[in-house]
Amino acid sequence: MSWRDFWNGEHAIYVSPRHKALHYRQIATDLIGHIPSREAVVLDHGCGEALDAARVAAACGRLYLCEAAPSVREKLRSQFGRIDTIAVVAPEEVEALPENALDLVVANSLIQYLSRDELKALLVTWREKLKPGGALVLADVIPPDVSPLTDATQLLGFAWRGGFLTAALAGLVRTAFSDYRKLRAQYGLATYAAEDAMALVREAGFVEVRRDANFGHNPHRMTFKANKPD
Ligand SMILES: C[S@@+](CC[C@H](N)C(=O)[O-])C[C@H]1O[C@@H](n2cnc3c(N)ncnc32)[C@H](O)[C@@H]1O
């Protein structure tokens, strides 16, 4: 099994429906905060189930939801197919977009599942597809010194505040015996020191590369924002 198979199959990353709903609500709110105008064309790359995408779509002109896992794309299509400003796309379809088409690209909790070379290639694609002055936001990037224990503690804090603590405790036990833990041990997650991540973004031709507040509930992970030159 690879990460790709993992995301395409059934998994228990979210410990309960409430966890999943609160997670996607928060990510949508954070994403909306970066939308530059009501007409903006936005790409959410590696969007997952994007449960609150209708709210994101209402805040912009067009929303591309890009997902590598076919089973997740199917769920997205059945949930959002009737909203004509949302397009569910595979990564190859992002490659096929015209250049200078997007105002904002967001990738939350994605780059840890990519190799360094895959990330480098995607950064170039995103720069090509963004309009001059358009923005890239890479969120929930894992620094090298954050342990799975920190992730677990942050999840418990989120669960306490969100009223799903019991489910979170049970979920952590399940995760300890799950494919996720095995895959994390086998393939690891790509981690980046802040300077390293920012250098990669600069090397791909972005400017004004800076840190921003992280998306979601875990402030130990990092968000970077950058622009395509005008
Ligand atoms: C941890 S989930 C994050 C989902 C969502 N962005 C969020 O914040 O909840 C990672 C998602 O990225 C997708 N993914 C992995 N590699 C991808 C790629 N190269 N292109 C598009 N999606 C990808 C996976 O299928 C999975 O749904």
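For what follows, Ala, Val, Leu, Ile, Met, Phe, Trp, Tyr, Cys and Pro are counted as nonpolar, Asp, Glu, Lys and Arg as charged, and the others, Gly among them, as polar. In this predicted model, the shell around the ligand is made up, by class, of ten nonpolar, six polar and two charged residues. Of the 18 residues around the ligand, those that come nearest are Trp7, His23, Gly46, Glu67 and Asn108.

Glu67 has a polar side-chain atom 2.5 Å from an oxygen atom of the ligand, and an N or O atom in the side chain of Asn108 is 2.6 Å from a ligand oxygen atom. A nitrogen atom of the ligand, in turn, lies 3.4 Å from a polar side-chain atom of His45. The ligand taken alone exposes 590 Å², and the protein buries 92% of that area.

The cysteines remain to be considered. How many disulfides does a search of the whole structure find? The search finds zero, a disulfide being counted where two cysteine sulfur atoms lie within 2.5 Å. For Cys47, the closest cysteine sulfur is that of Cys66, and because the distance is 6.9 Å, the two are too far apart for a bond. The sulfur of Cys60 has its closest cysteine sulfur in Cys47, at 13 Å, which is likewise too far for a bond. Cys47 counts as buried, at 6% relative accessibility, and Cys60 is buried with a relative accessible area of 6%.

Methods. Residues numbered from 1 in each chain as written. Predicted model: local features only at pLDDT ≥ 70, side-chain atom pairs only at ≥ 80, totals over all residues. Heavy atoms only, no water. Near = heavy atom within 4 Å. Polar contact = N/O pair within 3.5 Å; in protein donor to acceptor, adjacent residues only side chain to side chain. Areas by Shrake-Rupley, 256 points an atom, 1.4 Å probe, with all protein chains shown as cover. Buried < 20%, exposed > 50% of the residue type's maximum accessible area, 1.4 Å probe, protein only.
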